[in-house]
Amino acid sequence: MKERLQSIKQEAITEIEAADTQKSLQDVRVQFLGKKGKITEVLKGMGKLSKEERPVIGQLANEVRDQITESIEEKAALLEKQAIEEQLKAETIDVTLPGRPTHTGGPHILMKTIRDIEDLFIGMGYEVAEGPEVETDYYNFEALNLPKGHPARDMQDSLYITEELLMRTHTSPVQARTLNAHEGRGPVKIICPGKVYRRDTDDATHSHQFTQIEGLYVDEHITMSDLKGTLNVLAKHLFGEDREIRLRPSFFPFTEPSVEMDISCKVCNGDGCSVCKHTGWIEILGAGLVHPNVLEMAGFDSKKYTGFAFGMGPERIAMLKYGIEDIRHFYTNDVRFLKQFHQV
Amino acid sequence: MLVSINWLKEYVDIEGIPTGELAEAITKTGVEVDGIHGPILNDDKIVVGYVEACEQHPNADKLNLCQVNVGEEELAQIVCGAPNVAQGQYVVVARPGARLPGGLKIKKAKLRGEASEGMICSLQELGVDEKFVPDHQKDGIFVFDEEVQIGEPACPLLNLNDQVLELDLTPNRADCLNMVGMAYEVAAIYNKELQLPSPAVTKADESSKDYIAVRIENKEMNPYYGAWIIKDLEVKSSPLWLRNRLISAGIRPINNLVDITNYVLLEYGQPLHAFDYDRFGSKEVVTRPAHEGETMTTLDGKERTLQPEHLLITNGEKPHALAGVMGGQDSEVQDDTTTILLEAAYFDPRTVRKASSQHNLRSEASARFEKGVDLARVKEAAMRAAELYEELAGGTILGEMVEEGSTDREPVQITFERHEINERIGTELSIDQMNDILERLRLPYEQQGEQYTVTPPSRRNDLRILEDMVEEFARLYGYDHIPYTLPTGQSNKGGLTKRQRLTREVHAYLQKTGLNEALTYSLTTEEKSKHFVSPEIQTDQEAVKLMMPMTDLHSHLRLSAIPELLSSLQYNVARNQYNLGFYELGSVYLPNAGEDVLPKEELRVAAAITGIWENHPWQGEKKPVDFFVLKGILEGLFEHFLKSPVDFEKASLAGLHPGRTALLKIDGETIGYIGQLHPTVQKDHDLDETYVFDVNLKKVFDYVDKTPDYEAITKYPAVSQDLAFVVNAEIAAKEIEATIYEQGQPYLKDIRIFDVYQGEHMEEGKKSIAFNLTFQNNERTLKDEEVDEARERIIEKVKEAFSAEFRG
Ligand SMILES: [Zn+2]
């Protein structure tokens with residue numbers, strides 16, 4: 001009987017080793033350990049044994065069963081591991097192939113530029129004010145100290161709809177409207193973005209439609225130095241901390257004094273190059289202290305209140321920042337153009 | 001405006017200041033210098049020579065052999081091919097070693113066997129613009145017509161060493177539209193003395209009054225008119241110095257009579273006019289508004305038709321000048337002119353502006369009258385011209401100028417306290433600093449303690465109010481020296497309005513779905529303005545249009561962004577970009593009743609997509625865009641903002657596919673549309689299947705409700721049921737869904753369509769739709785019977801209502 005058990009064990013180990021799938025291993029298990037398996041058979045024959053032999057053979061049979069079980073489990077683990085390895089091998093891909101494209105939409109660079117400036121000023125407590133793109137002659141000109149026949153109306157030949165209505169030539173009427181709405185009480189802190197229109201033939205540097213963004217701050221004790229400080233923040237935000245600004249006198253009917261702001265040329269660092277027309281400076285925006293006539297027409301006491309205003313063209317800013325060479329790119333919507341600025 | 005540095009030096013000492021530095025100082029203080037021109041040539045090896053002898057070259061017919069005195073012991077032999085070279089001429093000689101503009105270097109040479117030590121130059125060879133070269137010298141060398149010092153450097157004589165500033169003047173600084181004004185400005189910047197002309201003439205006993213009288217009919221259009229008779233004039237070329245100055249300012253010299261008025265215009269900013277007295281035709285100048293439809297022929301030979309808003313200078317009968325703009329042909333100064341009637345007048349700026357712009361006649365004169373000339377300088381300018389006529393043309397000045405009207409001006413006084421200036425600039429200017437600035441500007445003022453009264457002279461007509469003085473102090477003190485501060489007023493929160501916030505959310509959402517933000521023009525063609533207008537916009541009115549469009553491409557205001565977006569798609573497809581998704585968020589402009597009523601600007605969002613929407617580049621998977629892609633984007637948008645559902649109602653709209661178009665409705669109100677372009681429209685635009693929507697965002701925002709209706713998550717299980725029906729193909733899924741929903745209450749929570757089938761194995765004209773229903777009771781576990789009952793009810797009702805066949 002002892003020999004029988006030893007040979008079963010030997011037989012089992014051989015078959016376990018031969019088994020190369022979970023299925024054949026399972027067959028081995030049934031063959032040796034199942035209810036009708038070989039070990040069970042041996043145990044059934046134990047009744048014929050002597051009292052002394054019985055525990056010895058019993059123990060041996062249990063040992064053999066345990067050894068076979070252990071071998072099967074080891075083999076099962078091995079097969080499992082092999083199977084996983086094969087699966088991994090089979091599932092291996094070329095990770096260098098391109099991924100499935102996702103949809104990449106994005107903002108228009110002009111709108112992005114505008115939102116960026118809006119956000120800067122929102123952070124400083126400004127509100128965003130908007131107004132109609134078709135304006136009355138009054139708000140577009142008269143309320144801004146540009147009475148009919150004023151020579152400065154020349155500077156911005158306009159697209160009229162009737163004698164009294166026109167496509168606004170600047171976003172400044174929003175300032176006039178907002179001031180009016182405040183009924184003579186400050187502070188007024190607004191940033192006004194929007195589309196504007198001029199009587200220009202479209203070419204690389206002109207567009208009959210373009211955008212503007214203006215700022216207005218009216219309160220008691222607003223000074224030219226406040227304007228200078230504010231513009232400095234803006235210029236550095238837009239063009240980098242290392243840019244210098246300078247103000248120089250200019251003329252706009254709705255501000256007095258009026259200034260233009262230049263930034264130091266990034267290309268030549270102020271030494272002079274073709275980008276800055278050899279002046280070392282690049283013109284960015286117009287600004288000034290709100291003309292008392294504008295304040296008074298909107299119901300503000302110009303002895304008590306002063307204010308500053310500034311206005312710029314997002315097209316110009318984007319063109320300068322990214323070296324865009326043709327203003328028409330902003331309106332033709334060539335995807336090859338638009339997509340270049342989605343990450344900005 | 002062009003400002004010659006050499007000329008400026010006559011009035012103010014700027015010797016030693018580099019021109020670049022001067023230009024920057026002028027720019028920073030008040031007038032933008034747009035460019036610096038010159039020097040054209042400054043070479044000491046280019047000198048005055050005297051042609052002692054001139055013979056024909058022995059070996060060449062067309063060459064001359066000149067012996068030229070160049071101020072050295074020996075004469076220089078120079079071969080010269082100019083036809084006009086002759087003995088006895090003072091000429092310009094470029095000596096060996098000289099370098100001409102364009103790089104030509106002069107060397108000793110042998111020409112046809114004869115030595116040539118230099119070159120006798122034409123003005124063009126010296127770099128003078130051809131338009132300034134007198135006609136008789138265009139094909140030959142330049143010859144001085146006055147005596148000059150032999151051997152002297154020629155470049156300064158011809159003003160070639162000059163530099164010229166090109167100014168970009170703002171309209172308020174008309175005072176700098178002349179040399180004297182610029183001299184004031186520069187003297188103020190550098191705190192220098194001023195040397196201005198003080199003209200004087202010898203007046204003959206004979207009186208101008210015997211020759212001319214002046215009558216002004218309209219004092220508003222013509223506040224002042226002076227007429228001066230100058231006799232015994234000789235027409236000839238102006239002296240070199242005067243010609244040089246005109247050329248430096250970009251004006252072509254003509255003859256002394258004409259050049260003098262131009263010179264005074266440049267020097268004083270006062271346009272003058274010289275009529276040929278003998279051709280004037282009467283002894284009276286009458287200035288009057290034109291009669292309606294009256295005509296006159298201006299100097300340029302064009303006949304002008306006039307209106308009463310134009311001012312004429314007449315001889316009492318016929319017009320001789322369009323005041324301030326251009327003279328007439330009949331009384332033009334000619335070579336035989338001996339007596340002139342010199343006009344020195346002040347014309348109303350607006351009157352001149354109307355005439356010059358309506359007749360498209362912008363001149364140096366009109367540009368100055370339009371901006372307003374200095375009243376105080378009208379007479380002085382006339383005196384300066386008279387002085388020059390006497391000196392340069394041998395003129396006899398007849399007595400006093402005959403005057404009518406007045407050059408008086410309402411005096412302006414600006415009174416302020418020191419702190420008012422400092423409070424506006426943000427500085428602490430002291431009394432001394434302020435006084436210094438006023439003195440440099442030569443503005444008469446009185447100062448008592450903190451109190452100032454400035455009386456701006458008429459040359460600074462732009463100074464009217466306190467703020468004008470703020471500018472004067474700020475710019476002379478220097479913007480560079482003003483500190484950087486930020487306002488310190490009361491705080492306020494700022495930020496975006498609800499509408500602005502929502503608008504930004506729409507942008508963010510649409511960009512996330514894969515659409516590119518596009519920007520198109522608001523002004524479109526008349527044709528395009530009629531297309532793709534959402535039906536809720538009243539279309540019986542024509543789109544708002546421009547009075548005078550520059551081009552038909554941009555004549556009408558859009559009522560939808562779709563037409564221009566389609567053009568953008570087409571533009572891209574033409575450049576081999578086929579997979580496109582654009583949206584544009586912006587206004588459309590609805591006409592309002594009434595002539596001068598603003599259009600109603602409505603915020604809309606429009607989108608257009610075409611091409612492949614989903615793809616897997618190396619597995620060959622390509623899914624073109626379809627209706628449901630765009631619908632999905634819209635549904636996501638509505639879901640983001642709204643609780644009330646938006647209905648997609650089958651519709652037929654012009655330009656869109658009749659079977660693939662829907663109106664969008666909230667509470668029965670149309671807010672836009674979605675659909676595929678009609679195949680013919682697609683073809684017209686070279687597009688494959690293209691889908692568009694156009695939605696009224698204002699309406700969407702009106703319905704926005706983003707407060708969540710919180711419901712506790714139930715612990716009782718949901719029961720899922722699938723139902724499939726076969727119905728006629730044209731029955732809308734939405735209708736069946738509505739019936740199912742109604743019948744499924746109270747426990748039916750959700751319906752999802754998970755399969756739609758039409759085609760093979762299906763009867764013609766029929767489709768199969770499968771629904772997945774979710775039942776749930778939040779208070780307890782649902783009983784099977786409850787679900788079964790609902791299911792039966794639903795099946796029966798759908799069969800009955802839609803003649804449906806239940807499939808399981
Ligand atoms: Zn530069």
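Which residues in α2(A) meet which residues in α4(A)? Let's find out, starting with the helices of chain A.

## How to read this model

This is a predicted model, in which local features need pLDDT of at least 70, side-chain atom pairs count only at pLDDT 80 or more, and totals for chains, interfaces and linings use all residues. Residues are numbered from 1 along each chain as its sequence is written, chains are lettered from A and ligands numbered from 1 in the order in which they are written, and side-chain values use heavy atoms, leaving out hydrogens and water.

## Helices α2 and α4 of chain A

Helices (H or I, at least four residues) and strands (E, at least two) are DSSP runs, numbered from the N terminus. From α2(A), the residues Gln22(A), Leu25(A), Val28(A), Arg29(A), Phe32(A) and Leu33(A) meet Arg65(A), Ile68(A), Thr69(A), Ile72(A), Lys75(A), Ala76(A), Leu79(A) and Glu80(A) of α4(A); contact here means heavy atoms within 4.5 Å. By class, this contact of α2(A) with α4(A) has eight nonpolar, two polar and four charged residues. In this scheme Ala, Val, Leu, Ile, Met, Phe, Trp, Tyr, Cys and Pro count as nonpolar, Asp, Glu, Lys and Arg as charged, and the others, Gly among them, as polar.

Two packed helices are described by the angle between their axes and the distance between the axes. The axes of α2(A) and α4(A), the latter spanning residues 53-91, come within 10 Å and cross at roughly 175°. Axes are lines fitted to C-alpha atoms, for helices over the stretch in contact, and angles run from 0 to 180 degrees between N-to-C directions. α2(A) and α4(A) are therefore roughly antiparallel to each other, a label for angles over 145 degrees.

## Helix α1 joins in

Helix α1(A) (residues 2-18) also has its axis within 10 Å of the axis of α2(A) (residues 22-33), and the two cross at roughly 170°. So α1(A) and α2(A) are roughly antiparallel to each other. On the α1(A) side, Ile8(A), Glu11(A), Ala12(A), Glu15(A) and Ile16(A) meet Leu25(A), Val28(A), Gln31(A) and Phe32(A) of α2(A). Their contact has six nonpolar, one polar and two charged residues by class.

## A buried glutamate

Now for a residue with a record: UniProt lists Glu256(A) under "binding site" in an unreviewed entry, and such annotations may be inferred rather than shown by experiment. Glu256(A) is in strand β7 (residues 255-264) of chain A. Glu256(A) is buried, with a relative accessible area of 6%; buried means under 20% relative accessible area (1.4 Å probe, protein chains only). Leaving aside neighbours within four places in sequence, Glu256(A) is in contact with Leu289(A), Val290(A), His291(A), Glu467(B), Asp468(B) and Glu471(B).

## Visiting chain B

Ile5(B) is found in helix α1 (residues 5-8) of chain B, and this residue is buried too, with a relative accessible area of 6%. Ile5(B) and Asn161(B) are 156 residues apart in sequence and 9.8 Å apart in space, C-alpha to C-alpha. The UniProt annotation "domain: TRNA-binding", from an unreviewed entry, covers residues 40-155 of chain B. The end C-alpha atoms of residues 40-155 of chain B lie 9 Å apart, and the span is 2% helix and 34% strand.

Further along, seven of the nine residues of helix α5(B) (residues 240-248) are buried, so α5(B) is largely enclosed by the rest of the structure. Among the buried residues of α5(B) are Leu240(B), Arg243(B) and Ser248(B). After α5(B) comes Gly250(B), whose phi is positive, near 85°.

Terms used:
Parallel < 35°, antiparallel > 145°, perpendicular 65-115°, else oblique. Buried < 20%, exposed > 50% of the residue type's maximum accessible area, 1.4 Å probe, protein only.
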